[in-house]
Amino acid sequence: SIFNMTTAVVQFIGVICLSRFLANKYGKKKVFIICLSLTAFFTALFYIPSPTDISLIFVLNFLKSLAYAPTVPLLWAMIGDVADHIEYENYRRATGFCFSGITLALKLGLGLGGAIAGVIISMFGYVSGGISIQNESAMEGIRLVSSIVPAILFGIGVLALYFYPISKEYNENMQAELEGRRRLAKEEALEQSPT
């Protein structure tokens with residue numbers, strides 16, 4: 001649909017134009033917190049428009065997609081930073097563990113999120129099976145699952161990010177230290193290798 005296509009285009013533009021620039025200037029953590037907060041705000045506003053207020057729905061979707069776009073590549077870059085952090089603290093690299101862990105969490109979250117949404121709308125009287133007209137209560141459940149519920153979950157994500165220890169300054173110091181360690185290890189390996 002044109003709605004989904006617009007979302008994809010806006011997110012693509014946001015990823016290309018905003019992610020790296022903002023992360024380099026302000027740091028990944030700050031950008032992620034601000035963008036996820038804005039995503040929560042614009043998602044909550046989806047509760048306001050009526051089903052026939054298409055123009056407002058498109059505007060909110062545009063704003064939400066633009067706010068969310070930088071978080072997509074930043075998430076994966078921050079997982080790479082976590083792998084560096086583990087190496088920094090423990091002198092051992094755990095890249096595979098970090099990326100497989102986040103992939104598992106994402107898959108579980110998608111499955112659990114879909115199940116929770118289904119339970120919520122069924123509690124409001126949603127009837128499945130191709131019925132085009134739902135009762136007033138079911139429509140309210142659909143509106144909540146499309147706006148307030150995901151906004152709350154985004155808000156929980158924002159709160160969790162405050163416990164993420166890798167700030168821009170910390171990351172710069174960590175990368176410099178790791179680079180020095182790797183250079184030293186390389187020099188030692190060259191000295192010990194047979195000529």
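**Charged pairs and their surroundings**

Modeller: Let me begin with Asp81, which is buried, with a relative accessible area of 8%; here buried means under 20% relative accessible area, exposed means over 50%, and partly exposed is in between, using a 1.4 Å probe and protein chains only. This is a predicted model, in which local features need pLDDT of at least 70 and side-chain atom pairs count only at pLDDT 80 or more, while totals for chains, interfaces and linings use all residues. Residues are numbered from 1 along each chain as its sequence is written, and side-chain values use heavy atoms, with hydrogens and water left out.

Biologist: Which residue forms a salt bridge with Asp81?

Modeller: The partner is Lys28, and the closest N and O atoms of the two are 2.7 Å apart. A salt bridge here is a side-chain nitrogen of Lys or Arg within 4 Å of a carboxyl oxygen of Asp or Glu.

Biologist: And where do Asp81 and Lys28 lie?

Modeller: Asp81 lies in helix α4 (residues 71-90) and Lys28 in helix α2 (residues 28-44), so the pair ties together parts that are 53 residues apart in sequence. Helices are DSSP runs of H or I with at least four residues, numbered from the N terminus. Lys28 itself is partly exposed, at a relative accessible area of 22%.

Biologist: How many salt bridges does a search of the whole structure find?

Modeller: The search finds eight salt bridges. Some of them are linked in a network that holds Asp84, Glu87, Arg93 and Arg182.

Biologist: Switching to Met174, what does it touch?

Modeller: Not counting residues up to four places away in sequence, Met174 touches Asp81, Asp84, His85, Tyr88 and Ile166, where contact means heavy atoms within 4.5 Å. Met174 is placed in helix α8 (residues 168-192), and it is buried, with a relative accessible area of 0%.

Biologist: What about Thr43, which residues does that one touch?

Modeller: Leaving out residues up to four places away in sequence, Thr43 touches Lys64, Ser146, Ser147, Pro150, Ala151 and Phe154. Thr43 lies in helix α2, and it is buried, with a relative accessible area of 4%.

Biologist: On to the rings, then: how many aromatic pairs does the count come to?

Modeller: The count comes to four aromatic pairs. One of them is Trp76 with Phe99, which is stacked, at 6.1 Å centre to centre and 5° between the planes. The rule pairs rings of Phe, Tyr and Trp (its six-membered ring) if their centres lie within 6.5 Å, and planes under 30 degrees apart count as stacked, over 60 as edge-to-face and the rest as tilted.

Biologist: Which helices hold Trp76 and Phe99?

Modeller: Trp76 lies in helix α4 and Phe99 in helix α5 (residues 95-123), so this pair ties together parts that are 23 residues apart in sequence. Trp76 counts as partly exposed at 34% relative accessibility, and Phe99 counts as partly exposed at 27%.

Biologist: Which ring does the charged end of Arg181 sit over?

Modeller: The charged end of Arg181 sits over the ring of Tyr91, 3.9 Å from its centre, and Arg143 lies over the face of Tyr47, at 4.2 Å from the ring centre. For this, NZ of Lys or CZ of Arg has to be within 6 Å of the ring centre and within 35 degrees of the ring normal.

Technical notes
Helix = DSSP H or I, 4+ residues; strand = E, 2+ residues; numbered from the N terminus.
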